[in-house]
Amino acid sequence: MPIYEYMCGDCKEITEAIHGADENPTINCSTCGKRAKKIFSPAGLVFKGSGFYKTDSRSASCSGGSCGTECPKK
């Protein structure tokens with residue numbers, strides 16, 4: 001389940017809550033007790049692996065520049 005962040009409008013305290021995407025719970029501030037609103041933050045993405053290189057997308061049928069780009073030497 002995703003972790004959502006909520007921020008209190010009064011004291012600006014940020015609280016995390018874990019719940020389903022289809023749920024809409026009422027989250028109260030842990031400091032002052034007033035209702036907190038959901039805030040949006042960027043998703044944490046981790047790219048693993050060696051990366052993408054120009055040779056990764058070459059097709060086996062590429063020969064002598066017929067594919068519009070220079071082919072790797074054999």
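**Figure 1. Thr15 in strand 2 of the predicted model.** Thr15 lies within strand 2, which covers residues 14-18, and the coordinates shown here and in the following views are those of a predicted model. With a relative accessible area of 16%, Thr15 is classed as buried, because the limit for that class is under 20%. Setting aside residues up to four places away in sequence, the residues that Thr15 touches are Tyr4, Glu5, Tyr6 and Ser30.

**Figure 2. The salt bridge between Asp10 and Lys34.** A search of the whole structure returns one salt bridge, and in this salt bridge the side chains of Asp10 and Lys34 meet with an N to O distance of 2.7 Å. The pair links distant parts of the chain, since Asp10 belongs to the loop between strand 1 (3-8) and strand 2, while Lys34 belongs to the loop between strand 2 and strand 3 (36-39), 24 residues apart. Asp10 is exposed, having a relative accessible area of 51%, whereas Lys34, at 47% relative accessibility, counts as partly exposed. The two residues fall into these classes because exposed requires over 50% relative accessible area.

**Figure 3. The surroundings of His19.** His19 is placed in the loop between strand 2 and strand 3, and with a relative accessibility of 4% this residue counts as buried. When neighbours within four places in sequence are left aside, His19 is in contact with Met1, Pro2, Tyr4, Tyr6, Pro25 and Lys38.

Figure 4. Ile18 is a residue of strand 2, and its relative accessible area of 59% makes it exposed. Thr15, shown in Figure 1, is also found in strand 2, but is buried at 16%.

Figure 5. As for pairs of aromatic rings, the structure holds zero. Thr26, located in the loop between strand 2 and strand 3, is exposed, with a relative accessible area of 52%. Thr26 and Lys38 are twelve residues apart along the chain, and their C-alpha atoms are separated by 9.9 Å.

**Figure 6. The whole chain as context for the close-up views.** The protein contains three strands and zero helices, so that, counted from the N terminus, its elements run β-β-β. Of the 74 residues in the protein, 16% are buried, and Thr15 and His19 are included in that class. Among contacts with a separation of 6 or more, 24% are made by residues 24 or more positions apart. The accessible surface of the protein amounts to about 6500 Å², and carbon and sulfur atoms account for 54% of this area.

Notes:
Residues are numbered from 1 along each chain as its sequence is written. This is a predicted model: local features need pLDDT of at least 70, side-chain atom pairs count only at pLDDT 80 or more; totals for chains, interfaces and linings use all residues. Side-chain values use heavy atoms; hydrogens and water are left out. Helices (H or I, at least four residues) and strands (E, at least two) are DSSP runs, numbered from the N terminus. Buried means under 20% relative accessible area, exposed over 50%, partly exposed in between (1.4 Å probe, protein chains only). Contact means heavy atoms within 4.5 Å. A salt bridge is a side-chain nitrogen of Lys or Arg within 4 Å of a carboxyl oxygen of Asp or Glu. Rings of Phe, Tyr and Trp (its six-membered ring) pair if their centres lie within 6.5 Å; planes under 30 degrees apart count as stacked, over 60 as edge-to-face and the rest as tilted. Accessible areas come from the Shrake-Rupley method with a 1.4 Å probe; for residues, only the protein chains shown count as cover.
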